[in-house]
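This report covers surface patches and aromatic ring pairs. Please keep the model at hand while reading.

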Amino acid sequence: MTFSTGIGGGIATCGHILPESDDFEPGHKIYTYNGKKAEWEDIAASSALERAFHADAATDLRGKEYMMEIAERVYLGLPDIVAKYSPDTIVLGGPLGKIFKLYVKYLPKIDGVKYRRPRRPLESVIYGCYIFGKNQK
């Protein structure tokens with residue numbers, strides 16, 4: 001998953017992106033946060049965090065309070081993804097992948113699911129496109 005200007009991603013197994021990824025648009029699901037209904041990406045994407053915290057970049061955010069709120073916003077949509085797709089790992093990339101180590105300790109645990117960040121979080125979208133293209137024959 002990538003948390004950047006929006007929230008998107010893909011579903012993969014054994015290094016192959018699955019066809020279910022074509023319909024994987026979790027950022028557009030509606031949630032209630034702070035008493036207001038909004039798409040998840042308007043709550044938790046790095047662009048939404050920049051607006052909410054008046055920051056130039058989500059990667060600049062530091063401090064326990066920020067990290068706790070980031071974890072809360074990110075977690076909002078994760079149980080629905082787990083319920084629908086039953087992943088064993090959720091990879092959190094994009095700008096929020098870059099600061100992953102700062103907020104992951106505040107993400108609520110989901111039984112049977114590990115959280116991790118990609119090796120190159122800011123390049124996770126292009127890398128996913130590369131894998132997808134490589135697997136097309």
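Glu20 sits in the loop between strand E4 (16–17) and strand E5 (30–33); strands are DSSP runs of at least two residues and helices (H or I) of at least four, numbered from the N terminus. The model is predicted, so local features need pLDDT of at least 70 and side-chain atom pairs pLDDT 80 or more, while totals for chains, interfaces and linings use all residues. Residues are numbered from 1 along each chain as its sequence is written, and side-chain values use heavy atoms, without hydrogens and water.

**Surface patches**

Glu20, Asp22, Asp23 and Glu25 form a negative surface patch. Ile126, Tyr127 and Tyr130 make up a nonpolar one, with about 360 Å² of accessible area together. Patch residues have over 30% relative accessible area and no salt bridge, with like charges joined within 9 Å and nonpolar side chains within 5 Å. A salt bridge is a Lys or Arg side-chain nitrogen within 4 Å of an Asp or Glu carboxyl oxygen. Areas are Shrake-Rupley values with a 1.4 Å probe. Tyr130 belongs to helix H7 (residues 124–135).

**Aromatic pairs**

There are 5 aromatic pairs in the structure. Rings pair if their centres lie within 6.5 Å; planes under 30 degrees apart are stacked, over 60 edge-to-face and the rest tilted. Two of the pairs are tabulated.

| Pair | Centres | Planes | Class |
|---|---|---|---|
| Tyr31 and Trp40 | 6.2 Å | 65° | edge-to-face |
| Phe53 and Tyr66 | 4.9 Å | 70° | edge-to-face |

Phe53 lies in helix H2 (residues 46–53) and Tyr66 in helix H3 (residues 64–75), so their pair ties together parts 13 residues apart in sequence. Trp40 is buried at 0% relative accessible area, where buried means under 20%, exposed over 50% and partly exposed in between. Tyr66 is partly exposed at 32%. Ring pairs also link Phe3, Tyr31 and Trp40 into a cluster.

Terms used
Lys, Arg positive; Asp, Glu negative; His and termini not counted. Charge placed at Lys NZ, Arg CZ, Asp CG, Glu CD. Phe/Tyr/Trp six-rings, centres within 6.5 Å; stacked < 30°, edge-to-face > 60°. Buried < 20%, exposed > 50% of the residue type's maximum accessible area, 1.4 Å probe, protein only.
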